[in-house]
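Student: I would like to learn how to read a model of a complex, one feature at a time. Could you show me the structure and then take me through it?

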Amino acid sequence: MLDYGRILAAIAVMAVVTYLPRMLPLVLFKRRITNPFVQSFLYYVPYAVLAAMTFPEVLYSTASLVSALAGLAAALLLAYRGKGLLPVALTACGVVFVCERLLALLL
Amino acid sequence: MNQSFWKGAKDGLPICLGYVSVSFVFGMMCVESGLPAWVAALISMTNLTSAGQFAGLSLILTGAPLMEIGVTTFVINLRYMLMSLSLSQKVDSRMPTLTRAILSFGNTDEVFAVCMQQKGPVTTPYLSGLVICVYIGWALGTILGATVTSLLPEMVRSAMGIAIYGMFIAIIIPPARKICPVLYTVLLAMAISGLFYYVPALSQVSRGWVIILCAVGVSALMAWRFPVKQERREEDANDA
């Protein structure tokens with residue numbers, strides 16, 4: 001028998017500790033920060049965060065390493081040519097799909 | 001006004017797609033471990049985060065005390081403080097407090113990523129469209145995963161798993177190609193992230209901490225070595 005009281009309390013706690021870090025800085029820092037170091041720091045944050053989240057997780061985001069590598073290569077190529085978010089994401093998905101079907105045929 | 005809303009919703013589509021595949025798995029896991037579908041939906045609709053939810057779910061199932069659940073998910077979510085701070089400099093400075101408080105609920109990794117590569121300030125209608133679109137994807141995926149497991153075949157889900165990373169790549173590659181310090185930032189962050197993933201002693205560190213470490217360490221180093229002039233920031237934003 002599940003203890004729903006405990007589960008609901010846990011969900012509430014999780015919701016609060018997820019929401020607060022997202023909400024506080026956005027609500028508190030309304031003015032432009034003028035300190036050049038902080039400005040530069042914040043300029044680099046998105047790139048550092050996204051790069052750290054992409055690698056190496058992208059390699060394990062599909063059913064096999066091979067299809068992930070194929071999808072990654074396609075994404076890199078299109079992104080390098082300056083294609084938008086949706087085309088890059090969709091092409092990566094398409095390449096993974098085709099690659100996995102091919103692998104299924106071959107193996 | 002309306003146009004910005006739909007632009008936001010459109011930019012949210014690749015996120016929505018990626019979310020469906022991830023939250024689908026979350027919904028499935030919840031039901032497979034004995035929780036009812038409405039609990040899965042409730043978690044997704046009140047949390048809207050991936051790593052935190054998966055960690056929280058496994059802690060709930062093992063019967064961990066509330067304190068432990070809270071601290072663990074908080075540590076995983078600390079990175080949002082950095083993103084929220086970055087975003088506070090990017091949103092329309094006239095955005096009212098209440099709007100900020102509401103929309104910040106949808107400030108996920110991916111929403112943040114899309115906002116930061118916008119030209120100029122992020123407006124309320126744009127951010128609303130974006131957040132609503134991804135929220136629907138996250139909630140819908142969870143509900144589908146928890147109820148109709150057979151609707152999305154494994155082969156489609158596997159292919160959709162790469163969507164979010166494809167999007168991240170589309171965001172970081174074009175500026176990394178043009179601006180050297182951004183390229184260094186990307187390469188260094190990947191190197192550190194990989195190190196913490198593959199080196200056995202370091203892989204004990206939770207991914208939440210690794211992302212914070214990469215973000216703070218690499219950005220601080222770059223800000224010190226390659227300070228960005230305000231004018232250049234604007235220029236980059238305009239031709240990005």
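Tutor: Let us begin with the domains of chain A in this predicted model, where the assignment gives domain 1 as residues 1-30 and domain 2 as residues 32-106. The centres of domain 1 of chain A and domain 2 of chain A, taken over C-alpha atoms, are separated by 29 Å.

Student: Which domains does the assignment give for chain B, and how many Å separate their centres?

Tutor: For chain B the assignment gives domain 1 as 2-173 and domain 2 as 179-240, and their centres, again taken over C-alpha atoms, are separated by 22 Å. Where these two domains of chain B touch, 10 residues of domain 1 are in contact with 11 residues of domain 2. On the domain 1 side of that contact, helices α4 (66-77) and α5 (79-88) of chain B each supply at least two residues, and the residues of this side divide into 6 nonpolar, 2 polar and 2 charged.

Student: Which residues touch the most other members of the largest nonpolar core?

Tutor: The general idea is that, in soluble globular proteins, nonpolar side chains tend to be buried together. Here the largest nonpolar core holds 109 residues, and those that touch the most other members are A:Ala48 and A:Ala52. Helix α2 of chain A, residues 36-54, contributes the largest share of this core, with 12 residues. If we set aside the neighbours of A:Ala52 within four places in sequence, its contacts lie in chain B and include B:Ala189, B:Met190, B:Ser193 and B:Val210, together with B:Ile211, B:Cys214 and B:Ala215.

Student: Is A:Cys99 buried or exposed, and why?

Tutor: A:Cys99 counts as buried because it has 21 C-beta neighbours inside 10 Å, and 20 or more are needed for that label. A:Cys99 is placed in helix α4 of chain A, residues 85-106.

Student: Which residues is A:Cys99 in contact with, leaving aside its neighbours within four places in sequence?

Tutor: With those neighbours left out, A:Cys99 is in contact with A:Val66, A:Ser67 and A:Ala70.

Definitions and conventions. Residues are numbered from 1 along each chain as its sequence is written. Chains are lettered from A and ligands numbered from 1 in the order in which they are written. This is a predicted model: local features need pLDDT of at least 70, side-chain atom pairs count only at pLDDT 80 or more; totals for chains, interfaces and linings use all residues. Domain bounds come from an automatic or database domain assignment. A nonpolar core is a set of buried Ala, Val, Leu, Ile, Met, Phe, Trp, Tyr and Cys residues joined through C-beta atoms within 7 Å. A residue is buried if 20 or more other C-beta atoms lie within 10 Å of its own, exposed if 12 or fewer, and partly exposed in between; C-beta atoms are placed from the backbone. Helices (H or I, at least four residues) and strands (E, at least two) are DSSP runs, numbered from the N terminus. Two residues are in contact if their C-beta atoms, placed from the backbone, lie within 7 Å. Ala, Val, Leu, Ile, Met, Phe, Trp, Tyr, Cys and Pro count as nonpolar, Asp, Glu, Lys and Arg as charged, and the others, Gly among them, as polar.
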